[in-house]
Amino acid sequence: MIALLALVLGVVAGLLLGPTAPGWLDPYLPVAVVAAVDAALGAARSVVEREFDDREFVVSFLSNVVIAVLLVLLGDLIGYGGALATAVVVVFGLRIFATATALRRALIGR
Amino acid sequence: MALVVVLVLLGAVVALGVRRAAITADGRAELTRTLRAQVRERSAEVSVTDDRVDAERRGVAASRAEHRREAEEQSRADAEVAALGPTGGWAAVRGPGVRITVVNRLGGGSGPANPRSSADGGAGGGGTAGSGRVQDHDLADLVNVLWIAGAEAIAINGVRLTALSPIRSAGDIILVGFAPVLSPYRVEAVGDAAALASRTERSAVVDRLRHRPSAPVTSLTVATAADLTLPAAPLPVLRNARRSGS
Amino acid sequence: MAGARTSSDAGDPPEAPFPPGASAASEGTPPHADVREDDGSGPRRPSTGAARQAAGDEAAGPGTTASTSSEPSAVEPSAVEPSSAEPSSAEPSSVEPSSVEPARTLGPGAAAWVARGVTMVLLALLGFGGVVAVRSADPSSSLATASPERLAARLRAIGADDRSLAAQEDRLRGEAAALASPLAAGPRSGADAGQQGAGQQGAASAGAARARADELAVLAGTVPVRGPGLELTIRDPHRSVEASVLVDALQELRDAGAEAIEISGVRTAVSTYIADSPGHGLVVDGTSISAPYVVTVIGDAHTLDQALRIPGGVLDTVASRDGAQAGVQTSGDLEIKALRAAPTPRYARPAG
């Protein structure tokens, strides 16, 4: 589908252009990516459940990323930088697993 | 409402973050420079060490290979020595064979030499068919017969014969391998005992020795032995001959 | 959770402070948005047009709780997805006028395409960002742009490498030392291995063993040999030279230090015998030979020569045989190529 194509396009662009993130971005980029992946997986699930809405996806994508980054930032400020970032990633990881499970059930059939 | 509070808090967090980033920017830059220099330096050191370790590893491998080669060479050479030693006379052997004992004459003492044949009668002193003293050529002929009969190792009075062992006289004394031997002469040969004994009995030299004047027939006995042990000769030193490449 | 979810929000407990999208639509939407909701239909099932307008209204609304783009634009993540921030912020602004104005004239189609476009962009950004993140985590990335954190991590890694290399170096040095010491030499150094320097004992003992093996091979006649010596030629036209003459000659030559002898092409050894072959000459070690007999001897040429000439020696003996003649030719370098097979004893065995 076109959505997958867009994803692939982005990956290809990233590989070809090959930039590396500037240093100050370093703690935030991975967390943002994980948050975005969570949003994307949720979108996939809703596609399978035939309830996808672009608007929902965009909102959730952005809010996930923003919240994740804010949390890491907060963590840096209060001195819990690494731990909080880890917690954020863990939580998103759990959500990803839950989504994946639902996705699997939806695909392989109830 | 709660929403406003949350938003305000959020704004505060963000503002704090920005401020802090600004404050620490310089420090970070300095730190970055220092760290970068350190990384470069340590990287170079590690690279040098890595090269050293590589060289060392190659050296150890080469050493090992050389040791292996030497060990193989050594064991090959040792095997050759072990194979050629016993029959060459350089290692002690045991086995069945014959023991030929011949005395100069009963009652000891020695008399004039016993000529080998009429052709030799004129050579050297005498020419008399004198009483039979065993001579070097007698022992040499006896040994010759034993080799013809298939002996695999021979010793005279405990002196092992090798490719370098002459049987010669110095005056009245017989020297075997440059060592003097005295009557009674004990010639031991390892091999097929029956074949050795029968061939020896039929030989001209035994006949001649048995029929020496003034020596009874019993002055030479041929006895088979089930288990003879012949000692090793001292290891050789070659001064002129060397293995040639062809 | 992302996308559109229906009411089963009980399924996702407070995992994100703002379960984005759907639940905002289905419950807890700000009163403003509710009030502005024209459709009246429950905003839960987002049909395209109405929901877009609702989103537009919500985004435009001051008290919006949907944590969309307006806020993050100030902060760093906007740098990560600047283009995502913009279209999103662009979206409300583009959607808003259409909602305030006759939005319905633009039709749900356009808004849908815009939203779809944004989705595509975000997905592309995700791919892009993923690659960038992966690349940035790669330690071989440029030093110049690295943050102190990454540099510190790099230093730690280098330190670990250094320690491991130092350990390897120690181990290898130990091995090299062990290999060089005399302990590494073979246990059988043979009776001839003399005092050798450390590290060379292995080579020396192998060399000594090789030399010893070569000597025994020369004496056994299994390898060719060369050296100084002489050639004794016995011409015997009347076959008057008997075997015993050569037996004596053999003893004389050995007595004079002969180290290798060949008689008319037959290599001699300890078990060499010479027998008469009546009417046909002689037999040496089973091979028939006939005059002239050529005896090649390797040893000290002078000593050998003298030994043959002593009164009563070979030359005299041959001379006394009818018609026979002996001649001697010394040489500084003779080669004997005749070989004999290695012996295979059947009765003699090594005695400890």
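**Note on a predicted three-chain model**

1. Leaving aside neighbours within four places in sequence, Asp305(C) is in contact with Leu230(C), Val328(C) and Thr330(C). Contact means heavy atoms within 4.5 Å. Asp305(C) sits in helix α10 of chain C, residues 301-309. Helices (H or I, at least four residues) and strands (E, at least two) are DSSP runs, numbered from the N terminus. Asp305(C) is buried, with a relative accessible area of 12%. Buried means under 20% relative accessible area, exposed over 50%, and partly exposed in between, with a 1.4 Å probe and protein chains only. The side chains of Asp305(C) and Arg309(C) make a polar contact of 2.9 Å. A polar contact is a pair of N or O atoms within 3.5 Å; within protein, one must be able to donate a hydrogen and the other to accept it, and residues adjacent in sequence count only if both atoms are side-chain atoms.

2. A word on the basis. This is a predicted model, in which local features need pLDDT of at least 70 and side-chain atom pairs count only at pLDDT 80 or more, while totals for chains, interfaces and linings use all residues. Residues are numbered from 1 along each chain as its sequence is written, chains are lettered from A and ligands numbered from 1 in the order in which they are written, and side-chain values use heavy atoms, with hydrogens and water left out.

3. Chain C as a whole. Chain C has 11 helices and nine strands. Of its 352 residues, 47% count as buried. Take the contacts in chain C between residues at least 6 apart in sequence: 68% of them join residues at least 24 apart.

4. How much area is buried between chain C and chain B? About 7,500 Å², with carbon and sulfur atoms giving 62%. Buried area is the accessible area (1.4 Å probe) that two parts lose on being put together, summed over both. In chain C, Leu179(C), Val270(C) and Tyr347(C) lose the most area to chain B, together 9% of what that side buries. The contact takes 84 residues from chain C and 79 residues from chain B.

5. A salt bridge is a side-chain nitrogen of Lys or Arg within 4 Å of a carboxyl oxygen of Asp or Glu. Asp162(C) forms a salt bridge with Arg42(B), with the closest N and O atoms 3.4 Å apart. Chain C and chain B also have 26 residue pairs in polar contact, both at pLDDT 80 or more.

6. What chain C brings to chain B. Elements giving two or more residues to this side include α7 (148-180), α8 (201-220) and β8 (325-336) of chain C. α7(C) gives the most, with 18 residues. By class, this side of chain C divides into 42 nonpolar, 16 polar and 26 charged residues. Ala, Val, Leu, Ile, Met, Phe, Trp, Tyr, Cys and Pro count as nonpolar, Asp, Glu, Lys and Arg as charged, and the others, Gly among them, as polar.

7. Strands pair across the two chains. Strand β9 of chain B (residues 242-243) and β1(C) pair in the antiparallel sense over two bridges. Two strands pair if DSSP finds at least two bridges between them. Arg243(B) stands opposite Val225(C) in β1(C).

8. Chain B and chain A. The area buried between them is about 540 Å², and carbon and sulfur atoms give 80% of it. Seven residues of chain B and six residues of chain A take part in the contact. The rule finds zero salt bridges here.

9. Strand β4 (residues 167-170) and β5(B) pair in the antiparallel sense over four bridges. Arg168(B) stands opposite Leu175(B) in β5(B). β5(B) and strand β6 (residues 179-181) of chain B are antiparallel too, over three bridges. In the hairpin of β5(B) and β6(B), with two residues between the strands, Gly177(B) takes a positive phi near 55°. Phe178(B), in the loop between β5 and β6 of chain B, has a phi near 65°, a positive value in a residue other than glycine.

10. Cis peptide bonds. One joins Ser183(B) and Pro184(B), with omega about 0°. Another runs from Ala291(C) to Pro292(C), with omega near -5°. Pro292(C) lies in the loop between β6 (287-289) and β7 (293-298) of chain C.
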